[in-house]
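My notes follow in the order I looked things up.

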Amino acid sequence: MNTFNAKNLKRIGVYTSGGDAPGMNAAIRAAVRMAIFKNIEVYGIFQGYQGMIDKQIKPLELGSMANVIQRGGTVLKSGRCKDFHMAEARALAAQNLKDAGIQALICIGGDGSFRGAKILWEEHQIPTMGVPGTIDNDINGSEYTIGFDTAVNTALEAIDKIRDTAASHDRLFIVEVMGRNTGYIAIEVGLAGGAEEVFFPEHPFDLQRVVNKVKKGMERGKKSSILVTAEGPTPGYAYEIAQKLKDEAGFSAKVCILGHIQRGGSPTALDRMVASRFSALAVEKLLQGHCNAMIGLQGTSYKMISFDEAVQKKPFSYEELLDLVNILSQ
Ligand code: F6P
């Protein structure tokens, strides 16, 4: 965490970066309107870090944020910018920000986005306050990230539908949810959706576990089952699981990959509320001269967490939930 002289702060920039998440628009809206309320001008940087390099920077007014709170995606667009890994590109981005009179930034995104903001501070002293937004809920220092609740509910709605057809046909289904590096979505969807087994990077697929579980269910007359897996590093991983179940256990399983549907849709009340609170506080903290940090939720408190801490791997205590998944689906 660092401080800067915010006495003459007159203009800030806001951008979204990395994978989009439902609720990002509510976060942008809150940042813009809180800043304007505090007599600070706000510029939108479109397309994340790429937009800083390409000068896609435009003023935002109160009215630019009309009717966005309920919309999924991000009106500022987003992306992952390879060029930003190069020092020359970052120098150009910093110069463009200075030319536009932008003195500080609000970054709405995940750990990769915060790494970018951290380096902008270290190399060019551009102060940033982060707002954690990713459906994966994997930002260290915050129990919650914008988009997670909407994504879990989207996946859950799909599972409920799959359950209907699985039951009608006595089938085993493998449902793949998002989560490249972690299983927050998978475990919550698994528990709330009544899955028999859940797999994710921290708790990989185990053939014997599934065979034992499905057979035990069959013995008491259970004819359909749902397995949930996170996509992990390779989307389509559920097909590998299905193949193994067929080749090594003789089980036939249907696969349903939910994919990017989980990143879209109107944000839930929780996502809109947390997004609004994160961004409003982010603006206030910038105005107090704090930077190189993000706002996070710990228990019921909204707090500042340094980017150094935020970019560390978030510890994931899933064991209790996993046990519950197993007990409740026996
Ligand atoms: O936003 C996070 C995430 O949804 C991961 O769970 C997923 O693996 C990844 O993004 C996929 O992102 P993209 O297809 O945009 O590269």
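I started with the pockets. The ligand takes up the space of the largest pocket. I kept in mind that this is a predicted model.

Next I listed the surroundings. Which residues surround the ligand? I found G19, R80, I135, D136, M178, G179, R180, E231, H260 and R263. Sorted by class, this shell holds five charged, three polar and two nonpolar residues.

For E231, I read 2.4 Å between a side-chain N or O atom and a ligand oxygen. For H260, a polar side-chain atom lies 2.7 Å from an oxygen atom of the ligand. G179 uses its backbone: an N or O atom there is 3.0 Å from a ligand oxygen. I also looked up the cover. On its own the ligand has 400 Å² of accessible area, and the protein covers 82% of that.

I turned to the domains. The assignment for the protein chain gives domain 1 as 2–147 + 267–310 and domain 2 as 149–264. How far apart are the C-alpha centres of domain 1 and domain 2? I noted 35 Å. Across the boundary, 15 residues of domain 1 are in contact with 13 residues of domain 2.

Last, I put the two topics together. Which domains supply the shell around the ligand? Domain 1 and domain 2 each contribute at least three residues.

Notes. Residues numbered from 1 in each chain as written. Predicted model: local features only at pLDDT ≥ 70, side-chain atom pairs only at ≥ 80, totals over all residues. Heavy atoms only, no water. Near = heavy atom within 4 Å. Polar contact = N/O pair within 3.5 Å; in protein donor to acceptor, adjacent residues only side chain to side chain. Areas by Shrake-Rupley, 256 points an atom, 1.4 Å probe, with all protein chains shown as cover. 1 Å grid on protein atoms, 1.4 Å probe; cavity = no way out; pocket = protein on both sides within 12 Å on 5 of 7 lines; lining within 4 Å. Sits in = over half its atoms within 2 Å of the grid points. Nonpolar A, V, L, I, M, F, W, Y, C, P; charged D, E, K, R; others polar. Domains from an automatic or database assignment. Contact = heavy atoms within 4.5 Å.
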